Amino acid sequence: MVGAVISANPLQLDIRSHKKCLAICCIVTISSFQYGLDYALVGGFMAMPGFLKVFGYYDETAGKWAIDPTVQQLISSLMTIGTFLGSLLVGPFSSKFGRRHGLWSASFLNFIATAIMIGSTNLGALYFARFILGISVGWFLTFAQVYINEAAPAHLRGIAFAVYQSQLSIGSIVGAVVDYGTHNMLGKEAYRIPLAVFFVAPTIQTVALFFFPESPRWLMTQGKEEASELALRRLRNRNINEAEFQAEFNEIRSSTAEQKEQLGGKHLWIEMWKGTNRRRSLLSIAAICFHCANGSSWVNIYGTYFLTVAGVTEAFEYSTMITCMGLIGVITSFFIVRYVGRRVILLVGVGACGLCQLSFAIAWTAAPATVSAAKVVIAFISLFTFFYTAYAPYAWLLGGELPNNHLRAHTYGLSTALNFLGNWLGVFTAPYFINPASLGWSAKYGYIWFGSNVIVFIFTWLFIPETRDRTLEEIYEMFEAKVPARKFKGYVCANTEAIAASVIHEKDASMVHVESAS
């Protein structure tokens, strides 16, 4: 479970030799910062008098500004619908235009949506902007992750995705801090100032992308071999050993050509369900949908609700603590991802999340709606957030590692769309379980999600393969060989190793010949 693994990766297995590529991946992960920012900022608007004066109404009975529940639901739901639709469009768009153009398009849509939200006071315009922003977020998240999977060296994909998750946590913290700084303002600037922050990250990424190459694997699927080699060279350091570089490039070229031959046609939505691709597509969908299956959406949104029910007044302080626990979780994963397998991280993370759900459900059962029970709930929500953010990036990572080069964008886009649909269902149905006017389970809702996590744990143990340090070409070879999930770790990819070794031996032989001639 821990230690060295078998790999045909021909590159140097350190970090320093690949700092250029890691820097590029860090800039690309700004996309997840944008999602975390939206998650925190817009949620805070629902309690801002400056926002409620424009899009809400004055409640005479309560003596304060409020917002219609339907308006609140539409602001959230239209964003989710846009994200769902945007993720589904990733495959067709990416097949024709590539990964970089997808990120540029996401930034363009973000600029339009943000400008509308800042400049308009009309609810219809706000709804439209939220829908467009949802498409933008779907593209930001999906195109960024596909790019990172295809650009990062095999042994550093885990670290790159840990950066991705940390950007999301940082975005949430920045959003909460900005909201806190403006929430007492009574004018429109209370929400317009936070919204202006939406321009920052996409602007940085848009400019930076002009200096970054397209995904070399996508270029290879388009038959652009020379452009693919140039792109890969721009991703690797200048002083890379030429034999290592050619070995990696030859792996990509040979594997992509073989994958292309096996595709029966150009209808990629159909091809992803044929032959060995069916297994890969189902596993990718399952891995990414782990996020909605572990109950993270309802825990994040309704955690402070339990504090309110129990009369705890330090809601903001507890909320900030939970967010910081998430950042600590993902930082912790930085130090283990290179030494611990994906399966182990997922099993420990899912198991811990399930136990946290069970623990706070038991606490609320024993002492419902009390301050002591609420604090126990928050303690376990903090632990839940720690373990969730520690394993979450590697569920995303697995979802992108498993499909082949031609189908990656289609499979990943569908998987992401289904995950957002699952999150929406979790948030939409949660009030019926926790609200006193309905079933009134409150934190006892955790019993259901404990069961869900048990299912995810068993599924991971039985079906999720170990891919740590494997090149995407090795993963393709193992699926074609129909290797069982629990034998991935020790399987030797003879074909991929032979392709890399032949190039290295050829380079070594030519160098010996040159030295002999001189």
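Q: Which ring does R343 lie over, and how far is R343 from the ring centre?
A: In this predicted model, R343 lies over the face of W461, 5.5 Å from the centre of the ring.

Q: And what about R233, which ring is under its charged end?
A: That's F245: the charged end of R233 sits over the F245 ring, 4.0 Å from its centre.

Q: OK, switching to ring pairs. How many aromatic pairs does the structure hold?
A: There are 21 aromatic pairs. Take W139 and F143: their ring centres are 5.9 Å apart and the planes stand at 90°, so this pair is edge-to-face, since the angle is over 60 degrees.

Q: Where do W139 and F143 sit?
A: Both are in helix α6, which covers residues 123-151. W139 and F143 are four residues apart there, so about one helical turn separates them.

Q: Is W139 buried or exposed?
A: Buried: W139 has 8% relative accessibility, and the cut-off for buried is under 20%. F143 is buried too, with a relative accessible area of 1%.

Q: Why does the pair F161 and Y164 count as tilted?
A: Because their planes are at 40°, with the ring centres 6.0 Å apart.

Q: Which helix are F161 and Y164 in?
A: Helix α7, residues 157-182. F161 and Y164 lie three residues apart in that helix, about one turn.

Q: Buried or exposed, for F161 and Y164?
A: F161 is buried at 0% relative accessible area, and Y164 counts as buried at 2%.

Q: Back to W139 and F143. Which residues form one aromatic cluster with them?
A: F93 and F97 do; together with W139 and F143 they form one aromatic cluster.

Key: Residues numbered from 1 in each chain as written. Predicted model: local features only at pLDDT ≥ 70, side-chain atom pairs only at ≥ 80, totals over all residues. Heavy atoms only, no water. Phe/Tyr/Trp six-rings, centres within 6.5 Å; stacked < 30°, edge-to-face > 60°. Helix = DSSP H or I, 4+ residues; strand = E, 2+ residues; numbered from the N terminus. Buried < 20%, exposed > 50% of the residue type's maximum accessible area, 1.4 Å probe, protein only. Lys NZ or Arg CZ within 6 Å of the ring centre and 35° of its normal.
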